[in-house]
Amino acid sequence: MKWTPKVRATIACFGLVFIFSIFSGRLIFLQVVKHDQYAALAAEKHSTKEMLYARRGVIQDVNQEILAQDVPVRLAFADGSILNDPAGLADLFAKPLQMDREELEQELAGLQDAAKQSRQAKLPGVAPRYPAGVCDHALNKRAFVSEDTAASLLAEMKKRSLRGVFFKQDFTRNYPNGSMLCHVLGILNHDHAGVAGIEKTFDAQLRGNDGFRYFEHDRTGKELVAYGSQGQPARPGCDVRLTIDMALQNIVEKELEAACRQYRPVMAVSIIMRPKTGEILAMANRPAYDPNAVANSRERDRHNLAVEAMVEPGSVFKIVPVGAAFNERLFTPQTTIDCGNGQFKYAGKILHDHKPMGELTVEGVLAKSSNIGAARIGLRLGDQMLYSYARKFGFGERTDVALPSEVPGAIHPPYTWNKLTITRMTMGQEVDVTPLQMITAMSVIANGGHLMMPQIVREIVDDQGAVVKSYPPVEIRRVLSEAAARQVREALKGVEKKGGTAVEAVVPGYIGAGKTGTAQRVGENKKYLHNKYLLSFIGMLPADDPQFVCLVMLDCPEVKNPEDNYGGAVAAPIFARIAAKTACHMNLAPQFDPMQVALTQTRTK
Amino acid sequence: MTKWVVAAFFLGVVGLSYVYLKNQLHTTGGQIKTLEKELSELTVENDLLRTKISTLSSQKVLQRRLDQDFIKMIPIAEERIVRIRTDARSEIRAVSNEGSEK
């Protein structure tokens with residue numbers, strides 16, 4: 001073969017074709033065969049997934065006053081791949097993040113080392129894969145900083161040429177009323193999930209759905225908006241509207257606070273309920289805590305005693321045997337009962353009244369709170385019927401109110417009773433109930449014999465204001481006939497009249513009804529203590545058409561005069577003050593002019 | 001020759017337009033990002049102000065201000081309240097309506 005110019009040109013052409021074919025083959029290999037692998041690597045290097053946190057729903061009262069809401073704050077994160085001075089950053093951030101300076105420096109240095117090792121171990125030409133959390137490591141999830149603080153810290157970083165710490169948007173929960181209604185509202189944990197109260201019960205509805213977006217960024221980390229982004233927007237949580245009226249809650253809290261200052265009880269509970277619907281209008285407990293500063297509170301202060309405390313109700317329970325007796329037509333309000341001048345021997349034991357009483361009508365038994373009278377009514381009813389009515393009134397089962405940790409109380413079936421149980425249960429011993437069960441049972445009397453389910457949530461609304469779910473009143477069962485309930489109500493009016501156990505429960509201008517409770521507390525030796533009482537009063541106003549029922553309960557109050565250590569002297573006046581203000585707030589027209597009554601009494605004298 | 005000049009000019013214009021439009025795309029993207037950031041900051045500011053409003057108008061703060069006499073309020077005395085029966089409301093008519101009926 002002659003090396004003519006034509007041959008040389010042909011060989012050169014083939015050579016070029018061969019070389020370019022290799023290049024083309026390599027390109028096809030990279031672009032087609034290895035497409036997925038390199039596309040993933042590129043995406044990893046240039047794409048970022050950003051979480052879009054959903055705003056948690058608001059909790060409101062019945063008038064849409066905000067009780068719990070999310071507040072935007074900044075959360076500090078560290079990026080180990082660009083950290084330049086762990087010591088300098090620790091100096092700047094230790095205090096605002098509430099962290100130990102040395103610990104923070106070690107943490108930052110650890111992130112920096114992890115990033116360095118990843119960079120050294122990387123494949124040539126391939127971006128380093130950082131261990132999880134190295135580029136977005138949350139420094140202290142508990143330490144939020146405000147928008148202003150974050151801005152000033154970033155400015156200071158720039159001034160000191162520091163880099164590697166950045167802030168992400170997050171939310172913290174704010175309770176504008178502080179400790180008011182704390183047990184009902186509940187609290188969140190560090191993952192922003194409800195762990196108590198309404199926050200827990202309605203966590204799924206309040207939580208919302210977090211969103212996300214993927215976006216491309218250049219090598220400096222700046223977002224390339226032109227390439228667009230993909231993702232899903234965050235969906236805010238629904239708002240929960242309660243049946244609580246904060247004006248009434250404020251009244252109750254104020255009176256309970258004053259009572260706690262005066263009597264220093266171990267615990268105190270007050271509830272206001274609308275008997276016709278079972279709506280809870282106010283619910284307060286002591287001790288209380290500030291949900292904005294949970295860390296400063298004791299664990300035992302966080303229990304909602306209204307649904308978690310099991311107590312012996314004392315004489316308040318007498319409405320059960322009396323109601324049952326009227327309903328079964330075994331007694332009329334005027335039937336007389338021999339109260340044995342304060343002593344009644346039964347099953348080898350003597351039952352006492354707080355003072356000697358002779359013959360009393362059934363109305364009188366309630367008005368004067370005779371234990372012997374109630375025991376005789378119980379004996380006439382019999383074990384089975386008394387137990388059956390106690391269960392019908394809702395004792396021994398959860399009320400199913402939308403509050404977590406509710407206890408059912410304890411009421412033992414008749415086959416476990418001893419001979420004395422029937423005489424003890426009628427005066428509220430040997431039975432454990434919750435304050436909410438007590439007020440719900442009294443609401444049966446106020447509501448013509450109907451047992452309503454206690455409601456604390458009125459409706460759930462979405463972020464556009466549309467009602468997602470509403471909670472209408474639920475009647476559980478009819479316990480008493482209309483007539484029997486009216487008879488009990490009439491009898492309970494006597495409690496507030498002269499000679500009754502709670503004359504101090506009278507609200508000027510109104511005719512009310514109610515029942516005192518003075519329950520002896522049980523000591524560690526399982527015996528009743530003679531100086532420790534659980535004092536309570538549950539009343540309703542106006543007695544003829546009750547618009548609200550109010551419970552006041554104080555456990556072991558410190559009373560100066562031992563003779564005043566009973567429900568009528570301690571709990572009843574508190575009830576009277578709450579009821580007077582509640583009647584005013586609810587615009588209940590007075591049934592008579594108290595001034596005219598006072599004038600008439602003066603003239604008569 | 002003219003054809004080639006026109007074609008080259010056309011291609012040049014197309015190329016420059018491409019570069020210009022791509023530049024505009026990035027500039028607009030940057031502006032969108034700035035506006036989004038501004039919007040986000042305004043939303044945050046709005047949320048903070050809303051929190052402040054709800055805190056300042058909460059029962060707790062209002063009660064404190066009332067106790068401090070910052071807000072002067074006294075309860076209305078019962079004798080100054082005129083109550084209208086619910087069933088009597090239908091009997092009440094505004095005076096202006098009397099004239100308009102004629």
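Strand β1(A) runs antiparallel to β7 (residues 211-216) of chain A, and six bridges tie the pair together. Within this pairing, A:Met51 sits opposite A:Phe212 of β7(A). Do keep in mind, as you look around, that this is a predicted model.

- β1 and β7 of chain A belong to an open sheet of three strands, in which the order is β1-β7-β8 and the pairing is antiparallel.
- Which strands lie at the edges? They are β1 (47-52) and β8 (229-232) of chain A, each of which pairs on one side only.
- From one strand to the next, the twist averages 15°.

**Chain A as a whole**
- If you are counting elements, chain A has 19 helices and 22 strands.
- How does the radius of gyration of chain A stand against that of a compact globule of 605 residues? Chain A comes to 36 Å, while such a globule would be near 25 Å.
- Along the principal axes, the C-alpha atoms of chain A occupy a box of roughly 145 × 50 × 50 Å.
- Burial in chain A reaches 44% of its 605 residues.
- Take the chain A contacts between residues at least 6 apart in sequence: 72% of them link residues that are at least 24 apart.

**Chain B**
- Chain B is built with three helices and zero strands, and its pattern along the sequence reads α-α-α.
- What percentage of the 102 residues of chain B count as buried? The figure is 3%.

**Where the two chains meet**
- The contact draws on 17 residues of chain A and 18 residues of chain B.
- On the side of chain A that touches chain B, β3 (66-78) and α9 (246-263) of chain A each contribute at least two residues.
- β3(A) gives the largest share of that side of chain A, with four residues.
- Sorted by class, the side of chain A that touches chain B holds 10 nonpolar, five polar and two charged residues.

Methods. Residues numbered from 1 in each chain as written. Chains lettered and ligands numbered in written order. Predicted model: local features only at pLDDT ≥ 70, side-chain atom pairs only at ≥ 80, totals over all residues. Contact = placed C-beta atoms within 7 Å. Nonpolar A, V, L, I, M, F, W, Y, C, P; charged D, E, K, R; others polar. Buried ≥ 20, exposed ≤ 12 C-beta atoms within 10 Å, placed from the backbone. Pairing = 2+ DSSP bridges. Axes fitted to C-alpha atoms, helices over the stretch in contact; angles between N-to-C directions. Rg over C-alpha atoms; globule rule 2.2 N^0.38 Å.
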